[in-house]
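Reader: I'd like to learn how to read pockets and salt bridges in a model like this one. Could we go through it together?

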Amino acid sequence: MECAIDVRVYATWLKCGGGKWNEKNLVYLAGVYEPKQKIEESEVPVAGIGYLESHPEIKRVVVHFDRDKAGREATEVLRLKLSDKYEVVDSPPDYGKDYNDFLCLKLGIYKSKERSFER
């Protein structure tokens, strides 16, 4: 997840579906992350590396980044940089820009399935 709000919204979505959000390792990366022009030269954000190093039991990383360009590129960096030690799964929301959009659409707060990806 990219920020604290995204993590809370995702946990809410899990709870709404009967999932046990408190049994998950939910981590946010403290804001915007922009990979280098050449993706392979990018680094994994420090918050992600620190968490993974302090939790050696983790073998699978599920990435819930936004469906916008920045989210897709950041996901690609994690896939490239972590796949030698972890199973990396890309799991953006099915629709909407992020999980907040997705949850609002599911709850009927938004009427359209597409919101602008521009901010």
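Predicted model: local features only at pLDDT ≥ 70, side-chain atom pairs only at ≥ 80, totals over all residues.

Reader: Which residues lie nearest the centre of the largest pocket?

Author: First, the ground rules. Residues are numbered from 1 along each chain as its sequence is written, and side-chain values use heavy atoms, without hydrogens and water. A pocket is an open set of points on a 1 Å grid over the protein atoms alone, where a 1.4 Å probe fits, with protein on both sides within 12 Å along at least five of seven lines; lining residues have an atom within 4 Å of a point. Here, 23 residues line the largest pocket, and Asn25, Val27, Arg60, Val61 and Val62 lie nearest its centre.

Reader: How should I read a salt bridge, and what links Lys97 and Asp68?

Author: Look for a side-chain nitrogen of Lys or Arg within 4 Å of a carboxyl oxygen of Asp or Glu. The Lys97 and Asp68 side chains form such a bridge, at 3.4 Å from N to O. These partners sit 29 residues apart in the chain. Asp66 joins Asp68 and Lys97 in a network of salt bridges.

Reader: Are Lys97 and Asp68 buried or exposed?

Author: With a 1.4 Å probe and protein chains only, buried means under 20% relative accessible area, exposed over 50%, and partly exposed in between. Both Lys97 and Asp68 are buried. In the salt bridge of Glu73 with Lys69, Lys69 is exposed at 62%, while Glu73 is partly exposed at 25%.

Technical notes
Helix = DSSP H or I, 4+ residues; strand = E, 2+ residues; numbered from the N terminus.
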